[in-house]
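Dear colleague,

I am handing over the structure below, and after it you will find some notes on what was found in it. Please read them with the model open beside you.

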Amino acid sequence: MTQGKGTREDGRLADVSAVRPGGHAVVVGGGLAGVTAALALADAGVRVTLLEGRPRLGGLAFSFRRGDLTVDNGQHVYLRCCTAYRWFLDRIGGAELAPVQERLDVPVVDLARPEGRRLGRLRRDALPVPLHLGRSLATYPHLSLAERASVGRAALALKGLDLTDPALDTQDFGSWLAAHGQSARAVEALWDLVGVATLNAVAGDASLALAAMVFKTGLLSDPGAADIGWARVPLGELHDRLARKELDSAGVRTEVRTRVTSVRTNDNGGWSVQVPGETLEADAVVLAVPQREAHGLLPQGALDAPENLLEIDTAPILNIHVVYDRKVLAAPFLSALGTPVQWVFDRTEASGLRDGQYLALSQSTAQNEIDASVATLRERYLPELERLLPRARGAEVRDFFVTRERTATFAPAPGVGRLRPGARTKAPGLYLAGAWTATGWPATMESAVRSGVGAAGAALGALGRSRGLLPDFFEEAA
C-alpha cells in the first residue's frame, strides 16, 4: 500500500512515510467536495491522499492572475443558512475573510421605471418569520399592491410544502407559481430574481422540489437565513491557499496536476487508483469529480443505473469583468431588472486594484450568450451598464474581459432528483461526492461541502472509525 504525506506540483507522487493509522482513503478531486471529504476523513484519524488534475484546489470557485489583478472566475456568494459552507470557512480559518452582511439588504434597480424611481430594496427586519420581510414586501416598488399581496399568499403556500414529497420533483416551479396567482411580473421581479441566482434556472425550468427548498430554507426558516455572505479576498486565497494549508496540517497528502485514469478493486478487497506512472492502494475511495467524470471512473456494478449520471444536464454561467478609471458603483453589489444585466459586484479591493473600480457581472442561465464573442458582449453590456450606473457614462473602460463556465452547475430541471445518487455506491469502499449528488440542495458551494461530509461519514462507518468529529449537520448531509 502506498503510504505517506507530501505536496508536489510536478505531477509526480511523493513517497514518504505514513503519518497515522486507521486505513488509507484516496479522494479524487480537489474542489470543495473533495477538500471537505479529505479534511473530515483526516480529522477522524484516516490517512488521506487527495488527487487533483488541475494545478490548484477549489474546483470551479477559483482565482487567476490578469496583469496586476487577481480575478475570480466568477462571483460566488452564500447565505447565512449555508451552515455547511460556513463550517468549511471556519475549518480552514477563512470565516473573517468572507463575512455575512449584518442584515439582508439587496438593492434592486429597474431600468423600465423613470430615473429617480428605479431603486427598490429587499430587506429584512428583526422580526419573526414571516414578518421579517413584511415591510420590505409591502413597500417593494417593482410590484403592484395586488402583486405584493399575492406574493405573500404564495409564500405561505410554499412554506406548507413537504420537501420530502417526491412528487415535488416532477413539477416545475413556474407552473406552481402560476397556479398560485403569480403574474409574469411577480416572477420576473421577485421569484426569478432570487431563483436564477441560486438555481441557475428560471422558474419554468426549475424543479419545484429544489425551488421550494431554496425559498423555504433561505427566506422562510429563520429571520437571518437569507443574509448574504461573500469573499472579501480572492477565492483562491480561501479554496486553494488556506485549504491546502489545513490539508497539510491535517496530514493529508495533496497531489495536484495528477489525473486519475482508473479506479478498480484489487485482490486484497481494497482499491487501486491509477495515475500516470503510479498505482495507489486504498481502503476507501471518494470520487469527488463532476458527474460525467465520475461515470467514466465508476467500476461496473457500482450503481444500479450509472447512465443516470449522464442524464444530469449542466447549465452555464457567464461572467463579465469591467475595469473603469473611476468609481461608478457605490454599493457592494446590486441586482437589476429591465436589462440583460442580472447582478453586479464590486471586486475592486479583492482584486488588488488601487485606482478605479473593477465590476463583475454574474450572468446565470446564460445558454444564449455563453459562446458569444467578447466583442459582441462588450457591445451589448457596456451600454447597459451606462443605463444602470449613471457614473459610468463618462468613465473610461480600462479593461473588459469574459470568463465562461459552460458546465457551471447541474441543471435543476424537474425530475433531476431521481438522477442524483447518494454518497454510497454498491461497491464497498467506494463513495461519491459533489454538488450534483443527492444533498437536497441545488448546485451551490453549500451542496458541495455537504456532499463531502456525507461521503466522509459513509466512509468512516465502513472503516470502523468514529463519526464523532463530523459537523452537526452530518445527519442532513448523509
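I begin with a loop residue: in this predicted model, the backbone nitrogen of Val-341 lies 3.2 Å from a polar atom of the side chain of Thr-339. Such a pair is a polar contact, meaning N or O atoms within 3.5 Å, where within protein one must be able to donate a hydrogen and the other to accept it, and where residues adjacent in sequence count only if both atoms are side-chain atoms. Thr-339 itself sits in the loop between E16 and E17, where helices (H or I, at least four residues) and strands (E, at least two) are DSSP runs numbered from the N terminus. With a relative accessible area of 14%, Thr-339 is buried; buried means under 20% relative accessible area, exposed over 50%, and partly exposed in between, with a 1.4 Å probe and protein chains only. Leaving aside neighbours within four places in sequence, Thr-339 is in contact (heavy atoms within 4.5 Å) with Leu-111, Glu-384 and Arg-387.

Before going further, a word on conventions. Residues are numbered from 1 along each chain as its sequence is written, and side-chain values use heavy atoms, with hydrogens and water left out. Because the model is predicted, local features need pLDDT of at least 70 and side-chain atom pairs count only at pLDDT 80 or more, while totals for chains, interfaces and linings use all residues.

H7 (residues 208-219) has 12 residues and reaches 16 Å from its first C-alpha to its last, close to the 16 Å expected at 1.5 Å a residue, the expected span being 1.5 Å times one less than the number of residues. How many of the residues of H7 are buried? The count is 12 of 12, and among them are Met-213, Phe-215 and Lys-216. At the N-terminal end, Ser-207 caps H7, with a side-chain oxygen 3.1 Å from the backbone nitrogen of Ala-209.

Strand E3 (residues 47-51) has 5 of its 5 residues buried, so it is largely enclosed by the rest of the structure. Both of its faces are covered, with Arg-47, Thr-49 and Leu-51 on one side and Val-48 and Leu-50 on the other. Strand E2 (residues 24-28) runs parallel to E3 and is joined to it by 5 bridges, and His-24 stands opposite Arg-47 in E3.

There is also an open sheet of 3 strands, in the order E11-E12-E13, with antiparallel pairing. Here strand E11 (262-265) and strand E13 (278-282) are at the edges, each with a single partner strand, so one side of each is left without a neighbour in the sheet. Strand E12 (residues 271-275) pairs with E13 over 5 bridges, and Ser-272 stands opposite Glu-281 in E13.

Two single residues remain. Thr-70, in strand E5 (residues 69-72), makes a side-chain polar contact of 2.6 Å with the side chain of Arg-65. Ala-138, in helix H3 (residues 134-139), is partly exposed, with a relative accessible area of 46%.

With regards

Methods: Two strands pair if DSSP finds at least two bridges between them.
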